[in-house]
Amino acid sequence: MRTPRARTAAAACVLLALAAPSAAANSGAGTGTGNIVVAPAVTTRDESVTVTVHAASCRTGSASSPAFGETPLTPQADGAGGRATPAVARDVAPGSYDITVTCEDGRSVTRTAAFTVINGAVHGGDGPAPSEGTSTADLVIGGLMVASALIGGGVLWLRGEGREDRPAG
């Protein structure tokens, strides 16, 4: 009967789905909505983020956020918009921050939750590294994933034990 295999496969899919948001959050890639792109998507205090506006009518102007104040946009070499590289304030609280871009023609666009400030350090493409070590939540999630993998492997191993003795058919 294939029902146990289907359940095992479904459980594996659920585990992968639960792990995927963590992997995406730790990728360190920039994020964008509309014409505003911010990189990195996760940063720490006193580090810089790059705000890029992809609109020919927004080569100059300013980008502002509660995390870094207001900073001027400089035109990109290709003429396709503007760019700013502000430093996140040293005293900003961890959390997600919006960015508002005001173009030279007076138009403003706000990107909500444009980037996230964390405690600790960001290492290359590995994502954030907690400054105080592994948290309890990290340990619980990791333990549950290992336990699920062991249980699933054990079930598959036990199900396969008697296969040689079964008649074909």
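Predicted model: local features only at pLDDT ≥ 70, side-chain atom pairs only at ≥ 80, totals over all residues.
Phe68 is a buried residue, with a relative accessible area of 13%; the threshold for that label is under 20%.

Which residue is the ring partner of Phe68? It is Phe115. The ring centres of Phe68 and Phe115 are 6.2 Å apart and the planes meet at 20 degrees, so this pair is classed as stacked. Phe68 sits in the loop between β5 (61-65) and β6 (69-75), while Phe115 belongs to strand β9 (residues 108-118), so that the pair links distant parts of the chain, 47 residues apart. Phe115 is buried as well, at a relative accessible area of 0%.

In total, the structure holds two aromatic pairs. Ring pairs join Phe68, Tyr97 and Phe115 into a cluster.

Let me now turn to the charged side chains. How many salt bridges are there? The count comes to two.

Asp46 is partly exposed, with a relative accessible area of 40%, whereas Arg90, at 63%, counts as exposed.

Another salt bridge connects Asp105 with Arg107, and here the closest N and O atoms are 2.9 Å apart. Asp105 is partly exposed at 44% relative accessibility, and Arg107 is partly exposed at 42%.

Methods. Residues numbered from 1 in each chain as written. Heavy atoms only, no water. Salt bridge = Lys/Arg side-chain N within 4 Å of Asp/Glu carboxyl O. Buried < 20%, exposed > 50% of the residue type's maximum accessible area, 1.4 Å probe, protein only. Phe/Tyr/Trp six-rings, centres within 6.5 Å; stacked < 30°, edge-to-face > 60°. Helix = DSSP H or I, 4+ residues; strand = E, 2+ residues; numbered from the N terminus.
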